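User: I am new to this structure. Please take me through the labels one by one and show how each was reached.

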Amino acid sequence: MKLQTPVTDAQCKVGISYKDRITMLGSCFSDNVGQLLSNYGFDVCVNPFGTLYNPVSILNGIERLICKTPFTEEDCIRIGAGDERFCSFSHHTSFARATKEEFIENANRKLQEAAEYFAESTKVIITLGTSWCFRNIASGNIVSNCLKRPAAEFVRERLSVTETVSCLQRMMDLCASAVSEDFKAKEFIFTVSPIRHFKDGAHGNQISKAGLLLGIEEILKNDNTDYFPSYEIMMDQLRDYRFYAEDMYHPTAQAVGYIGERFLEWSLSEKDAILLKENISRYKRSRHIITV
């Protein structure tokens, strides 16, 4: 009797190892898996601008990491809905600070640290969340976060597959053109977040995810790329609602842990898998977690 529809995939052609420096950019699923990798001893930098959901915002983040263009007072935006703090349309609200000066100091310090790390990174893991974007009417730019500003300041649009492909290819081209003695060549792993964006409606969510999947499929023609099916594992293998949080959209910690384990099995060599097992035991002992 089959009680699941297992999602299988060939071993990762890119792979990660304990020798790699890994940069992760994307949705909050990047935060979750990134924390898991960090706990288990991997050298990883996760979301240096906070969570980013759409391909354009992730591309902008990578461009900023390469160019190191500092944030200035012109980037400072006061958060709406009665929040008096300042942030930017390039950051998650976790970067918000009480004054422009505080925001700029923190944002540029984090940028410098992340840019130096990114230059040394050999693997880049991108988690795409949605094809839907918000474009700020005043600037004409797609934002990473609306910062609770009035809806009238933005127009909502969905990226086409062609636009998604262009963004993903541009990420890799920028990194390839920057390779030098001080900037290492990079390999990319793409995945689509298993978190459903039901604010777009059931159909809108599926169209959004489909656009991302089709875009990634085109990019996989590059030799230095691969795709991990986190979205498919959640939708098919973990389709039972016991694997969803109370909001019925986000995966539970158990589901995230399972997908994280699947990712490590998929991406690690046999040698690194042995080291992983040792590091997991060490981590659990440090957290006083009893295993049976």
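Analyst: We start with pairing. Two strands count as paired if DSSP finds at least two bridges between them. The model is predicted.

User: What is the bridge partner of Trp-132 in β8?

Analyst: The partner is Arg-158. Trp-132 belongs to β6, which covers residues 132–136.

User: What makes β6 and β8 a pair?

Analyst: The cut-off is at least two bridges. β6 and β8 have five, in the antiparallel sense. They therefore count as paired.

User: Which strands form the open sheet, and in what order?

Analyst: Three strands form it, in the order β7-β6-β8, with antiparallel pairing.

User: Why are β7 and β8 said to stand at the edges?

Analyst: Each has a single partner strand, so one side of each has no neighbour in the sheet.

User: How do you know that β5 pairs with β1 and β9?

Analyst: Count the bridges against the cut-off of at least two. β1, residues 21–26, is joined to β5 by five bridges. β9, residues 187–192, is joined to β5 by six. Both therefore count as pairs. Both pairings are parallel. Ile-22 stands opposite Lys-123 in β5. Ile-125 stands opposite Ile-189 in β9.

User: What makes β5 mostly covered?

Analyst: Buried means under 20% relative accessible area. In β5, residues 123–128, six of six residues are buried. The strand is therefore called mostly covered.

User: Which way do the residues of β5 point?

Analyst: Lys-123, Ile-125 and Thr-127 point one way. Val-124, Ile-126 and Leu-128 point the other way. All are buried. In a regular strand, side chains alternate between the two faces of the sheet.

User: Why is Thr-99 called partly exposed?

Analyst: Its relative accessibility is 29%. Buried is under 20% and exposed is over 50%, with partly exposed in between. Thr-99 falls in between, so it counts as partly exposed. Thr-99 is found in the loop between β4 (86–87) and α3 (100–120). From Thr-99 to Met-171 there are 72 residues in sequence and 32 Å in space, C-alpha to C-alpha.

User: Are Cys-133 and Cys-175 buried or exposed?

Analyst: Buried means under 20%. Cys-133 has a relative accessible area of 1%, so it is buried. Cys-175 has 3%, so it is buried too.

User: How much space lies in the largest pocket, and what lines it?

Analyst: It holds about 760 Å³. Of its 26 lining residues, the closest to its centre are Tyr-53, Thr-130, Phe-134, His-197 and Lys-199. β6 gives the most to this lining, with three residues. By class, the lining has eleven nonpolar, ten polar and five charged residues.

User: What lines the second largest pocket?

Analyst: That pocket has about 540 Å³ of space. It is lined by 24 residues, and Asn-60, Arg-64, Ser-90, Asn-141 and Ile-142 lie nearest its centre. α2 (55–67) and β7 (142–143) are the elements that give two or more residues. α2 gives the most, with seven. The classes are nine nonpolar, ten polar and five charged.

User: What makes a space a cavity and not a pocket?

Analyst: In a cavity a 1.4 Å probe fits but cannot get out, whereas a pocket is open. The structure holds one cavity of 30 Å³ or more. The largest cavity has about 70 Å³ of space, so it passes that cut-off.

User: Which residues line the largest cavity?

Analyst: Among them are Met-24, Phe-29, Ile-125, Thr-127, Ile-189 and Phe-263. The elements that give two or more residues are α1 (28–39), β5, β9 and α7 (253–267). By class, the lining has eight nonpolar, two polar and no charged residues.

Definitions and conventions:
Residues numbered from 1 in each chain as written. Predicted model: local features only at pLDDT ≥ 70, side-chain atom pairs only at ≥ 80, totals over all residues. Heavy atoms only, no water. Buried < 20%, exposed > 50% of the residue type's maximum accessible area, 1.4 Å probe, protein only. Helix = DSSP H or I, 4+ residues; strand = E, 2+ residues; numbered from the N terminus. 1 Å grid on protein atoms, 1.4 Å probe; cavity = no way out; pocket = protein on both sides within 12 Å on 5 of 7 lines; lining within 4 Å. Points joined across faces, edges and corners; volume = space filled by probe spheres on them. Nonpolar A, V, L, I, M, F, W, Y, C, P; charged D, E, K, R; others polar.
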